[in-house]
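The structure is shown below.

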Amino acid sequence: MTPRKWRLVCVFEAMMRLLKPLLSPLRSVEQATEPPASILVVEYWKMGDLAILVPFLRDLRYSFPQARISLLVQDGLESFLEDQGIVDEFIPVRVPWAQHFNRWRKYNPFSRDWVSMVRSILILRSRRFDWAFSGRMDVRDNFILWLSGARRRIGYGIGGGSQFLTDPAKPDVSRPHRAHIWRHLLEGLRRSPNPEPRGFRLRDEETEQARSFLLSRGIPSGAFLIGIHPGARIPTRRWGEERFAEVARRILSETDAHVLWFSEPGNSHNVPRMERIHAVSLDFRSFLAVLSRCRLLVCNDSGPMHLANLLNVPVVAVFGPQRPEWFGPRGPHDRVVIHPEFSCRPCLDYCVFDQPYCLRAISCDEVCDAIRDVLRPMELRAPENADALTDEFAPPISGYF
C-alpha cells in the first residue's frame, strides 16, 4: 500500500468513527462462540480469485457441515461453483472498484454499479448472518462485512478497517500464498483444514460435450492435448500472442500433440495457422470441461492458471509484475517462468515504465525449457518427420524432446 493510499484509509476510518454511533446498531455479538447456522463469505473479484478461494470454502464446509454458506460473488460468476457442494447460496453483486482497471472508473460516482452494490448489501442485512469472512486485507471489504450486519465478522485489520471486525485475525508475516491467507482465518478459530481435498467437479454432460467438441474438430480421442491461453485481463500481465505462437510452433514441430488455442468469447484473437492447432472460444463451463482434458496449460499469470490448478492440469505460467509466491500456481508439477531480478515487483499492475520489461525479458527458450521439464515424464511421441527437427531442443527420445 502506498503512503497516499494509507492516508486515505486513515481519513476514511476517522470519518467512520464519527458516523458509526449515528447509524443503526448491529446485532449483539453475545453467544457468538456458538456454531454458526449461517455464514457469509465475501469475494466479489474475478474468476482467478474465486479459484483461489475454493480450498477455504472446502475447509469451511468441513468445519461447519450444518451451516448455510452464502457467497457474495461478482455478477455473472455464480455458475462457477455450482454443484460443488461448498456453497448453498450465491448473492451476485457489482462492486464498482472491482469492475474496472482505470482508477477514475473505479470510483465514478455516477456509475450504476453503486445501485447494484446497495441492493446487494440490503439483501445481506436481510439474511441476518451469524458469521462473515473476508480474506482480503482491505478496509473496503471489512466495511462491507460491517454493513452486512453479521454477528461475528472475521477478517484482517492490517490494511485498515479493524474497527469493523469482531475478530481481527493476526496476519502471517511470512507473506504466504493468497490461498493460505484465506485458510489462516479458520486456523485462528482453531479449526483444522479439510484432510481430504477434492478435485473440481464437472457434470457428466459437460464432460461428454467436451469430448464431442474435440471430435468435431478432428482431434482423436486419445490425442495428447496442450492448451495455450495467451490472454489476461490486465495488460501488463500479457507476455504476447506472437511469443505464445512461437512456443506453439516449437511444440508442434517436436511432438505429435494437438494444441488448443484458448480465447474468451467475443475477444479478437489471432490463431496461428498451423496443422494440429485449434481455436477454442467457449462459454465458461464448456471451457472448464475442455481444459480438464489437457495435459498441460501454458499461460500468463491469469485466471485460467488458477482454474487449471483446480482441475489438476499442470501449468507453465509466465509471470511479470506479480509475485508467484503470493499468487502463483500451486500444483506439484507446475512451473513458473520469471525474471526475479526486477526490484519494482510487485507494481500492483500499474507499470512505471513504458512497457512491462519484467515480461519482455522472458524468452521463448525459457518457456519451452519449462514445458520440457513438465512433459519429460509423460509419454508423448515425436512427429513422423522427426528427422527434420531443428536443434532448438535436444532430440526427442521416448518422451517429450
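## Sheet, helices and an arginine

Helix α10 (residues 303–310) lies across β7 (225–229), β10 (296–300) and β11, and runs at about 155° to β10. The model is predicted. Helix α13 (residues 364–375) also packs on the sheet. Its contacts are with β7, β10, β11 and β12, and its direction makes about 175° with that of β12.

| Helix | Residues | Strands contacted | Angle |
|---|---|---|---|
| α13 | 364–375 | β7, β10, β11, β12 | about 175° to β12 |

The sheet itself is open and has six strands. Their order is β9-β8-β7-β10-β11-β12, and the pairing is parallel. Strands β9 (277–280) and β12 (335–337) form the edges, each pairing on one side only. From one strand to the next, the twist averages 20°.

V318 has V337 of β12 as its bridge partner.

Now the arginine. R360 lies in helix α12 (residues 357–360).

Beyond its neighbours within four places in sequence, R360 is in contact with R238, W239, R243 and Q355. For R238, the backbone oxygen lies 3.3 Å from a polar atom of the R360 side chain. R335 is 25 residues from R360 in sequence, and the C-alpha to C-alpha distance between them is 18 Å.

Methods:
Residues numbered from 1 in each chain as written. Predicted model: local features only at pLDDT ≥ 70, side-chain atom pairs only at ≥ 80, totals over all residues. Heavy atoms only, no water. Helix = DSSP H or I, 4+ residues; strand = E, 2+ residues; numbered from the N terminus. Contact = heavy atoms within 4.5 Å. Polar contact = N/O pair within 3.5 Å; in protein donor to acceptor, adjacent residues only side chain to side chain. Pairing = 2+ DSSP bridges. Axes fitted to C-alpha atoms, helices over the stretch in contact; angles between N-to-C directions.
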